[in-house]
Amino acid sequence: MVKIERSFPAPVSLESESRNPSGGSYSKADVIRQLKEDFHNKCYICELADLQDPEVEHLLPHKNRAYPERVFAWNNLFWACGHCNKVKNQQKYEEGILDCCNRDPEEAISFRLQENEVIAKAKSSKDSEAVLTAMLVEEVFNLRNTAMRDYKRDFRFRKLNEEMNILYDNLEEMKKKPESRVIMRKLKALLRRESAFAAFKRNYVRENSKQFPQLLNYIA
């Protein structure tokens, strides 16, 4: 999870749809277009890129429109994959996860790939938003309670491994050819927030900054 810069003004359809007596839609074409662009077509929770099953997700649930002020609120609409949206749809996550459009998750949580497991850890145990968000990130990558979730978890884990291996390979190439501009351009692209699983890659460089001090400007 990385910081997202939400664009304004809000999509115009949200205001008109909020007045629709038949219920209205919060996923009209302009909403989809703006969310996809703002979130770089990545799930804001797991950071899987080029989503094939995107969903418009409510950060704070509207509970079948029991909270009408949340249904069409632009600040409450997020771009998520179906897997993460379903995992997040639990009571424990209803009122507390971090809003990545208002807070930088990287300042509050460390994201690591360790062997066959994702480890997300709040930097402060007193930061309840970060603790809950870290729990959610771990759950979407590590949860194995149904056959379908096993499949979706394995798919995300494989994609994360692929991206991390690309990073590792380029870091090794940089050690061999520290003056190579081509390699540095590749690393800069890999470490951009727009990149798939950016929080994991940026955290790896941050935690190994003594080896790669020249890359710190790319994750500032």
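## Exercises on a cavity and on helix packing

Val 2, Ile 4, Phe 39, Lys 42, Cys 43, Tyr 44 and Glu 47 line the largest cavity (a set of points on a 1 Å grid over the protein atoms alone where a 1.4 Å probe fits but cannot get out; lining residues have an atom within 4 Å of a point). The model is predicted, with local features requiring pLDDT of at least 70 and side-chain atom pairs pLDDT 80 or more, while totals for chains, interfaces and linings use all residues. Residues are numbered from 1 along each chain as its sequence is written, and side-chain values use heavy atoms, without hydrogens and water.

**Exercise 1.** Characterise the largest cavity by volume and by lining class.

*Solution.* 
1. The lining comprises 5 nonpolar, no polar and 2 charged residues (Ala, Val, Leu, Ile, Met, Phe, Trp, Tyr, Cys and Pro count as nonpolar, Asp, Glu, Lys and Arg as charged, the others as polar).

**Exercise 2.** Determine how helix 7 and helix 8 are arranged and which residues meet.

*Solution.* 
2. On the helix 7 side, Glu 163, Ile 166, Leu 167, Asn 170, Leu 171, Glu 173 and Met 174 meet Ile 183, Met 184, Lys 186, Leu 187 and Leu 190 in helix 8 (heavy atoms within 4.5 Å).
3. This contact divides into 8 nonpolar, 1 polar and 3 charged residues.

**Exercise 3.** Describe the packing of helix 6 against helix 7.

*Solution.* 
1. Helix 6 (residues 128-142) packs on helix 7 at about 100 degrees, with the axes 7 Å apart.
2. That angle makes helix 6 roughly perpendicular to helix 7 (65 to 115 degrees).
3. Val 140, Phe 141 and Asn 142 of helix 6 touch Arg 153, Arg 156, Phe 157 and Leu 160 of helix 7.
4. By class, the contact has 4 nonpolar, 1 polar and 2 charged residues.

Key. 1 Å grid on protein atoms, 1.4 Å probe; cavity = no way out; pocket = protein on both sides within 12 Å on 5 of 7 lines; lining within 4 Å. Points joined across faces, edges and corners; volume = space filled by probe spheres on them. Axes fitted to C-alpha atoms, helices over the stretch in contact; angles between N-to-C directions. Helix = DSSP H or I, 4+ residues; strand = E, 2+ residues; numbered from the N terminus. Parallel < 35°, antiparallel > 145°, perpendicular 65-115°, else oblique.
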